[in-house]
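Hello,

Here is the structure I promised to pass on to you. Have a look at it first, and then read my notes below.

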Amino acid sequence: MEPTVLTQSLVNGLLIGGIYALISVGLTLIFGVMRIINFAHGDLMMLAMYGTYWMFTLYGIDPYLSLIVTVPILFVIGSLIQKFLVNQVLEGADASQLFLTLGVMLVAQNVALLFWKADYRAIRTDYSVYAIRLGEVFVSVPRLTSFVVAIILTCLLYVFLARTRTGRAMRATAQDREVSSLMGVNVRQTYILAFGIGTACVGAAGTLLSTFYYISPTVGTAFTLMAFLAVVLGGMGSFTGAFFGGLVVGLAESIGAVYFATQYKELVTFSLFILVLLVRPSGLLGKSRM
Amino acid sequence: MATTALTRLLNPEAYVPSILLLLLAALPLVTSNSYVLHFLILILFYALLSAAWNILAGFTGQFSLGHAAFFGIGAYTSTLLFIYYGMSPWLGMLIGSVFSVACSLIIGSLCFRLRGPFFSMITIAFAEALRLLALNWGGLTGGAVGLLVPLMGDSAVNFQFLGRQPYYYVLMGILLASLLVTYAVRNSQTGLYFMAIREDENAAQSLGVNIFRYKLLALAISVFFTAVAGTFYAQYILFLHPDSVMSLNFSIEIALPAIIGGMGTIWGPIVGSVILTPVSELIRSILGGSYAGVYLIIHGSILILAVIYFPSGVTNRLTKHYGAFLGTLPGGRERERARN
């Protein structure tokens, strides 16, 4: 194997890994606080991708600028899902929450299919093909920009969770629902906020991804599984674990693509997924929490 | 003996389902309208799939979201044996089911190391991996082009009929068999173990139930009927494509009637299918094929509403009214009195 090819794929893997990290951090936040695995996570991202696509295609709004719109909208969608759906079944069986997010997934995917058809779409900006040359390696400008923005957003979220009063309330709820409620935390309110922020993360990731990735109504499922894999790798509910899990999955996928034909790329991801779940269900870093 | 059988039949608990069954069996005699029959076949088809899924999910609480893969394995096995070796799909159905069960035991023995949503996730991953394999293994499965089942005309030996009535009766037979198995399982010691696992795995294990073995058993029974349904589908639709028979959406559709009708009940999957299938068929006939996904929006919404408002399924609510209705029928009062 040519060293350049490997270096190139490492760079690409790291860059997409940054976005995977943001998606995974959103999923782990929702899981950590509410113990819910959101099966609709990737499909909510798909909605953000379409939002960015249409703003660009119809009004010429730059994809990165559209973050100002997609992130708040996804936050609201996530909050509403928690407030009107998930909060209704908190006392029910665990399965009911799983089925609920499955229902959201079905609705989101097929609403997209109804309005925007099954066609694969892509955003073509002026800078889509720009690349910076570093020695033998080319760094795509949209990939690099998206990576940097994703890392900045992840850091902001980390600071929010670590330093602010609301962030601390959220971590307290993740640790112990009853005790934090006794300490004056409004648990239901915190849940709404957590689901909203988790969804906003994946919304931002969708917008960042859409500058160089194809868009289709069913694009989300693979990302839900990918994020779940990253979250498992990092230890369920761990923020930094999910972050590094996302980077690792990005790198692994990219290196896998060097050795396997492109049509097997997803197969490699799923095999990795199965392997990790079976070998290390408690994650590479062990059992840590937020 | 004869008298006990007769007295049992005088009980509305026995004669109401019997009358319904006879009506269902007589329906094709009343109408030969092929659309009506197709509609009924679809209701029975989803009821069968969901009843099979229910054996694993409803009784042991293991929510597989990868059953489409086992359906696909059954469908592809019988079809490939038919195409390459001219083997009758009736025999292929049996071989396909056994093969699918064997696959499920290997996959299941890995998946059952995980619990709850982790289990559901890994079943999705396995099913998606198998779908991608089928899609990329074009030389065998036809890949993305799909696989056409060769037409044999009206040939009962080859499980192909020109009319819809034979399909209807075959499917009714399979559904009945699956319901009888469900009923037998529920009323057996094994069924109690299944439900113990569903209620509390750790407690069941500490009481000496080999939870791993019983989960595999439930999976095997469930997959057997799922794969049988796969061959039925292949012979009825005569076309297979990995994205339609092995997709995640299909796995969810298999689960939906049981979730909405009531998991862990015998009639739940059927009630669920009677509620859900007309929705998809009406929308398909009103809006046409280009809006194929609309019914899934409605199915998803029904799922959300059912989880919130009927957390234990629609059937549990209906059972009460059904019991009251039975009490008003001839023979019903005696039953009440006998109970008191």
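Helices (H or I, at least four residues) and strands (E, at least two) are DSSP runs, numbered from the N terminus. On that basis, chain A has 11 helices and 2 strands. Read from the N terminus, the order of its elements is α-α-α-α-β-β-α-α-α-α-α-α-α.

Before going on, please note that this is a predicted model, in which local features need pLDDT of at least 70 and side-chain atom pairs count only at pLDDT 80 or more, while totals for chains, interfaces and linings use all residues. Residues are numbered from 1 along each chain as its sequence is written, and chains are lettered from A and ligands numbered from 1 in the order in which they are written.

How does chain A compare with a compact globule of 290 residues? Such a globule would have a radius of gyration near 19 Å, and chain A agrees because its value is 19 Å. (The radius is taken over C-alpha atoms, and the globule rule is 2.2 Å times the number of residues to the power 0.38.) The C-alpha trace of chain A spans about 60 × 45 × 35 Å along its principal axes.

Now to where the chains meet. Two residues are in contact if their C-beta atoms, placed from the backbone, lie within 7 Å. In this sense, 33 residues of chain B are in contact with 34 residues of chain A. On chain B, the elements giving two or more residues to this side are α6 (116-136), α13 (248-261) and α15 (294-309). The largest share, 13 residues, comes from α6(B).

Enjoy exploring!
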